[in-house]
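Good morning, and thank you for joining.

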Amino acid sequence: MFENLIAQPAAALLMDDLGASRLPPSILFSGPEASGKLTAALELARILSCAEGHALWSCTCGSCRRHKELTHPDLLIMGPRNSILEIRAASGAFLAKKTPATRYLFIRSIRKLTLRFNPELTGDDDTRAQKAVPLLSAINESLEEMDPSRPLPEDAALEKIVRSLVEDAEKIETDFMYDSIPVSQVRNAASWARLSPSGKKKVLVVENADRMQEAARNAFLKVLEEPPADVAFILTTSRRGAIMPTILSRVRTYAFVERSSESQAEVIARVFHDSPHNGESLAAFFYRFLPVPLDTISMAADTFLRMVLVDAIDAGRKPLAGLKTVLDATGDQQGSKKSSDGATLASLVAMLNKCKPSIVWRLFLACVAQRMRLALRSDATDARESAIYLAWTHSVRDALEAVSVYNIGPQAALESLFSRMRASV
C-alpha cells in the first residue's frame with residue numbers, strides 16, 4: 001500500500017489508521033503543492049475498494065485494475081487543477097520507455113484531468129462542460145487504444161496518438177476547466193454519493209477544496225454533516241487556513257510535508273524516469289515542459305512593468321524609484337533592459353504563447369507580483385509607492401480571475417491590467 005507515495009510520513013499514519021479500522025469517513029490532506037496529496041488520495045480510494053483486501057499495488061482484482069486505470073465508477077474527482085505539465089512530463093516518460101509503469105503514468109495523468117468532467121458531476125445544464133464533450137469523446141477513444149490490456153500501436157502511430165491526447169488535454173484545461181468549485185457540482189456529487197456503490201466503497205476526491213465558492217462550501221458542509229455510510233470524502237489543499245472552519249471541524253487532517261531535494265529528485269527519477277538537474281525541485285522539473293521558458297516569462301513581466309513606468313512618466317507622473325531599482329537589477333542579470341523598446345501588449349502576449357496553457361498566465365502574473373514584493377523591500381520605496389503596490393495587488397488578482405473565472409482573453413485582460421496599474425501611479 002502507498003508504494004507510489006514517496007517520502008511522505010502521512011503514508012505510515014494512513015496505514016496505521018487503516019489497520020486499526022479508525023480511518024474516519026471524511027479526511028483532509030494538507031500540504032505544499034506537488035507533495036503527493038492527489039497520489040495519496042487516489043491510492044487510498046483503491047485501497048478502500050480492493051476486492052481482495054490486501055490492496056497491494058500488484059493486486060489483479062477487477063476493482064484495483066479499474067482504479068489503477070482511473071475508470072472505476074465508484075470514484076469521482078472534482079476541483080480545479082493545472083494538469084498539462086504533468087501530462088507533458090508523463091507523455092515524455094512513456095514515449096521514451098514504453099513500459100507498463102510509464103503507460104499507466106500517462107493514462108492516469110490524462111484521466112486526472114478528464115474525470116473532472118464526469119457527467120455525474122457536471123449534469124446536462126453545465127454549458128461549459130457540454131462544450132467540452134466532443135474533445136472528451138476524442139480523448140476517451142484515443143485512450144482505448146492505449147488500454148494496458150492491448151498491444152501498443154507502432155511507434156509512428158503511437159506518437160501521433162500521444163501528441164493528439166496532449167493537445168486535446170491542453171484545450172480541455174485551457175478552455176473548460178473551472179478555477180473554483182461551483183455549487184452545482186457539489187450538489188451533483190452529493191446526489192451521486194447517496195446512491196449505492198457498485199463495489200465496496202465510493203470515494204469523492206475534492207482537490208483544492210479551499211477554492212470552493214461560498215454556496216458550494218455551504219452545500220458541501222451539509223453533506224459532511226450527514227455523510228452516507230458507503231462513501232469516503234478525501235479533500236486536498238495547500239491552504240488549510242482558507243477552508244471554512246466548520247468544514248475543518250468535520251475532517252481529520254493528515255499533514256503532507258515539503259519533501260527534501262533528495263526525495264524530490266527520487267520522484268523525478270522513479271516516477272517520471274528522468275534525470276533531475278542538480279538541486280532541481282519537482283515544480284522546477286515540471287516547468288521544463290512549459291511551451292515558454294521561465295526566463296522568457298520573467299522577461300515579459302519585467303518588460304510589462306517597464307512599459308507601465310514609461311507610460312506613467314510620459315504622462316507626467318512621479319516615477320516609482322523602488323520598482324526601477326528592482327527592474328534595473330533584473331535587467332542586468334537577464335540582459336533584458338532593451339526588451340521593452342518597441343514592445344506592445346500584443347507582442348507580450350505572443351511572447352507568452354498567447355498565455356497557453358493557463359499556467360503561463362499565472363506564472364506571468366506571479367512574476368509581476370514578485371517584482372512588487374522586491375520593490376517594497378527597497379530603501380528607495382516611499383509611502384506613496386507602497387500604497388500603489390497595494391492597488392496593483394488587487395489589479396493583478398482581478399486579472400487572474402478575468403481569465404480563469406470569467407474567460408476573458410489574455411490580451412484584453414492584460415490591456416485592462418495595464419490601464420489600471422498606470423492609473424494608480
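This is a predicted model: local features need pLDDT of at least 70, side-chain atom pairs count only at pLDDT 80 or more; totals for chains, interfaces and linings use all residues.

**The sheet and its helices**

Residues are numbered from 1 along each chain as its sequence is written, and side-chain values use heavy atoms, with hydrogens and water left out.

A word on names: helices (H or I, at least four residues) and strands (E, at least two) are DSSP runs, numbered from the N terminus. Two strands are said to pair if DSSP finds at least two bridges between them.

β2 and β3 run parallel and are joined by 4 bridges. They belong to an open sheet of 5 strands with parallel pairing, in the order β2-β3-β4-β1-β5. The edges are β2 (75–78) and β5 (252–255); each has a single partner strand, so one side of each is left without a neighbour in the sheet. From one strand to the next, the twist averages 20°. Angles here run from 0 to 180 degrees between N-to-C directions, and axes are lines fitted to C-alpha atoms, for helices over the stretch in contact.

Which way do the side chains of β2 point? L75 and I77 point one way, L76 and M78 the other way, and all are buried, that is, under 20% relative accessible area, where exposed is over 50% and partly exposed lies in between (1.4 Å probe, protein chains only).

α2 lies across β1, β2, β3 (202–206) and β4 (231–237), and runs at about 150° to β1. Helix α11 (residues 214–225) packs on the sheet and touches β1, β3 and β4, its direction making about 140° with that of β4. Contact, throughout, means heavy atoms within 4.5 Å.

**Two helix pairs**

Two packed helices are described by the angle between their axes and the distance between the axes. For α5 and helix α9 (residues 155–176), the angle is about 20° and the axes are 10 Å apart. These two are therefore roughly parallel to each other; angles under 35 degrees count as such, over 145 as roughly antiparallel, 65 to 115 as roughly perpendicular and the rest as oblique. Their contact is made by F106, I110 and L113 of α5 and by V162, L165, V166, A169, I172 and E173 of α9.

α18 and helix α19 (residues 383–404) pack at about 170°, with their axes 10 Å apart. That makes α18 roughly antiparallel to α19. Among the residues in this contact are W361 and L365 of α18 and Y389 and W392 of α19.

Where is the cis peptide bond next to P357? It joins K356 and P357, with omega about -5°. P357 lies in the loop between α17 (345–351) and α18 (358–376).

A34, in the loop between β1 (26–30) and α2 (37–49), has a phi near 60°, a positive value in a residue other than glycine. A34 counts as partly exposed, at 35% relative accessibility.

Lastly, K98 has a phi near 55°, also positive in a residue other than glycine. K98 is found between α4 (84–97) and α5 (100–114), in a loop, and is partly exposed, with a relative accessible area of 32%.
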